[in-house]
Structures are given as structure tokens and as C-alpha cells.
Amino acid sequence: MIVLTNYLIVGCILFVLGAIGFLTRRNLITLMLSAEMMLHGVSLNFVAFSNFHQNMQGQTFTAFILTVAACEAGIALALILTLYKRTKSLDVSLWSQLSEADIDSPHEEEPAVPTTPPAQKFPQLTPAGRAPQFQKETVHRV
Amino acid sequence: MQWLKEHWLLVLPMVLGAFAVARLMPKGEPRSSLVARLVGLCAVGIVGGTLLQPAGSVLNDALFFLFSGVAVLGAILMITHRNPAYSALWFAVVTLAVSGLFLLQSAPFLASATVIVYAGAIIVTFLFVLMLAQQAGITNYDQNSRQPGVATFTGFVLLGALLFVLVPSKEQAAPAPITGFVSLVPKASQVAQPPHQSGIPQSTSATTAENFGTMRGLGRSLFGDYLFAVELAGTLLLVASIGAIVIAPKRSSGKL
């Protein structure tokens, strides 16, 4: 016995979390990933209803969702690369001038966060064996 | 007040979850997120413990709670991570968990197809684009999300409304015969009924219960009932690939 509501609840949560990510994040790639996660929530609902009604229509619809998601990802990546070539950035706020001219830009000035990455500790291997001898003359600079 | 007293089990995890997600969203300097993580875990635990109903089979329940917990927590981490590469990896985790849920819902072909298409193709190409476009490392726009409080509030109001509709409260659940959308458990009589009585348009070919969940059933459904849609989907894939080639950045001639 499978309870339908459980799957609907999980699908809802995935959809809403994807929507929140789509609304707030500013990286174009994270936006696309959030949209794909909304699709996950929807297809989970379809599959749950398919199992509930014991027919294949929901699963068939999910197969079409997969197809459309693949198309969408391909075109979106091409678009993202084109946009990146224009602005050299993946920030979606840079494209807010595409909206209506008399609407205020949602882009608010924010204090720049220091972009230096935190000092990362890399593991160090204990030296073993004999250190190789580098020959500086053989290095060709192109 | 009375309403709140009746539905506090629904309102409380929404408030906690909204607080956790809004707090975890990147905004300004990195800050300690231990409290937000704990609160988020609490919210997910309350939802899992009160709203989800165990179905009776221990193994089924354990797998369902495992997969759905991984999916929801991975989703929260995905939308709140400051590094988009890690976001993509968490999305792969969500995809794997969702395909596990597909398996539980007797859709093995869709589970494998989801893993192949999403985790195998989409995530990898997204990571490639990230590698191409974001070589500078941490960027300013990843550290500052846009109005996380308002968006999270809106999203959780939507989620609360959806859950309020989906989850029957106690006095609603008491009278048993609810038919249609709200009927929660498929009754044996419903499944065994001749299908055209339930109001769902029935397929013409043999996509009935004995074929359900098999590759054969899905194939019969796809290439029997939905043949034209399959043709359209193929055309859509062709158009999308041509479009991607056209849209992609032009290179100077002679160079690949």
C-alpha cells in the first residue's frame, strides 16, 4: 500500500524550494538548476499519480518532461555562454535593463564581499622515496 | 487563534523552514550557520514525522523516508550553497534521490532515464559551462542573493497553502468515503473497477494493471497511444539542437 499524499508532499517541497532558488539566486547556472529541480517536483507528482491510478499516463508524461528538460538545458547553456561572452559574468542582474524602462532596477548596490577564497588546507603527503631531479634546461617555453 | 491552535503542526515547520532557508541564503559575509542548519533539520523532521503517513510496509517506509529526506535536504543545500559547482553536485544528489522515489513508485525505466539524462548529461554540461565561465573562483554575485527574505516568505506561504490542501486535518479524515482527488489510499475496489468509470480518459491499447510499471507497458503507451507526441518530441529535440548550435557563440571561421 502506497500513500499518495507522501509523494505529493515531497514533490511540493521540491517545487517550492526550486522556486525560491530561482527567485533569489543570481548565478545563471544556479537559476537553471533550480528550474530543473522544479521539474523534478512536478515529475514526482506525475509518477505518484500514475502509480495511484495504476495506468501509464503519468509515466509517459514524465518521459516527455525529460525530453523537454534535455532540450531546455541545451538551449539554456548556449544562451548562457552567449550572455557570458557579452558581459564576462554569469550575474543575471546585469541584464535587468532588458525589462521595462520605467521600472526600477531590482539591482541594489551591495557591499562587495571580499572574493578571496578562505585559506584552504590541502592534505600533504609525506615524502617517500627519492626526490626526482628536475632539469631546468629541458623545459621549453612556448 | 483557534485556527492557529488547530494547525500549529503545519504552521510551525513552515516558519522554522522559512527562517532556516532565509538564514542560509548567501548574503554578505559568510556567517555561522549552525543554528539555521539545526532549525532546518527540525523543520524537515517535523514535516516528516507528522505530515507523512507511514504506509505499513517497513522496508518501503524506510526507503521512502531515506530518499525523500535526502532529496529535501539536498534541495535546501543546493539553493543555498555559495559555490555554484557544489550546487550542481547537490542537484545530482537530489536527482539520485528522486530517481529512488521513482523506483519506489514502480517506474524503473524513468528512474534510470532520469539518472542518465540529468546526472549523466545535464549536470556534466553545467559543470563544463561553469568551468569555462567562472574561472575566477568566488564571485560577488554568488555571495549576495537577491532579497532572500521576501522570496523565502513567498515560497513558504505557497508551500503552506499546498500542504494545507494536501494534508487532511483530523476532523476531515474521520469520515471515510472521500472520493476523487482527496482520496488518499487507492482502495481495492477503485483499482479493480472498470477504468472508464473513474473519469480519467483511458488508453486504448493494453496499458492496464498487468502491464503497469514494466518497460512493455511504457513502450505500449508511448508508441501506441502517444505516437504523434513522440514524433513531436523527436522534432523538438532536433529543433533544440539546431537552435543551440545557432545560439552558441560564433567562432571565427576555420577554428573549431
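Predicted model: local features only at pLDDT ≥ 70, side-chain atom pairs only at ≥ 80, totals over all residues.
What percentage of the 256 residues of chain B count as buried? The figure is 29%. The predictor assigns an ipTM of 0.83 and a pTM of 0.81 to the complex.

Let me begin with the two chains taken separately. Chain A contains three helices and zero strands, and its pattern along the sequence is α-α-α. If we consider its contacts between residues at least 6 apart in sequence, 48% of them join residues at least 24 apart. Chain B has 12 helices and, again, zero strands. In chain B, residues 24 or more positions apart make up 57% of the contacts with a separation of 6 or more.

I turn now to the interface. Here 71 residues of chain A are in contact with 87 residues of chain B. On the chain A side, the elements that give two or more residues are helix 1 (4-24), helix 2 (28-53) and helix 3 (57-87). Which of the helices of chain A provides the largest share of that side? It is helix 3 of chain A, with 21 residues. By residue class, the side of chain A that touches chain B divides into 44 nonpolar, 21 polar and six charged residues.

In soluble globular proteins, nonpolar side chains tend to be buried together. In this model, the largest nonpolar core has 83 residues, and those with the most contacts inside it are A71(B), A75(B) and L101(B). Helix 1 of chain A gives the most to this core, namely 13 residues.

Helix 6, residues 108-133 of chain B, has 26 residues and reaches 36 Å from its first C-alpha to its last, close to the 38 Å expected. The buried residues of helix 6 of chain B include L110(B), T114(B), Y118(B), I122(B), F126(B) and V129(B). An α-helix has 3.6 residues a turn, so residues three or four places apart point the same way. What covers the buried residues of helix 6 of chain B? The covering elements include helix 2 and helix 3 of chain A, together with helix 5 (84-104) of chain B.

My next example is L218(B), which lies in helix 11 (residues 215-225) of chain B. Is L218(B) buried or exposed? It counts as buried, because 24 C-beta neighbours lie inside 10 Å, and the threshold for that class is 20 or more. Not counting residues up to four places away in sequence, L218(B) touches M56(A), Q59(A), T60(A) and F109(B). The C-alpha atoms of L218(B) and A107(B) are 9.2 Å apart, although 111 residues separate the two along the chain.

Two backbone details follow. K88(A), in the segment after helix 3 of chain A, has a phi near 55°, a positive value in a residue other than glycine. K88(A) counts as exposed, with 11 C-beta neighbours inside 10 Å. Q147(B) has a positive phi of about 50° and is likewise not a glycine. Q147(B) is found in the loop between helix 7 (140-143) and helix 8 (148-166) of chain B, and with 16 other C-beta atoms within 10 Å it is partly exposed.

I close with confidence. Chain B averages a pLDDT of 81, and 81% of the residues score at least 70. Over which residues of chain B does pLDDT stay under 50? This applies to residues 174-198, for which the model has 14 contacts beyond four places in sequence.

Methods. Residues numbered from 1 in each chain as written. Chains lettered and ligands numbered in written order. Contact = placed C-beta atoms within 7 Å. Helix = DSSP H or I, 4+ residues; strand = E, 2+ residues; numbered from the N terminus. Nonpolar A, V, L, I, M, F, W, Y, C, P; charged D, E, K, R; others polar. Core = buried A, V, L, I, M, F, W, Y, C linked by C-beta atoms within 7 Å. Buried ≥ 20, exposed ≤ 12 C-beta atoms within 10 Å, placed from the backbone. Expected span 1.5 Å × (residues − 1). pLDDT = per-residue confidence, 0-100.
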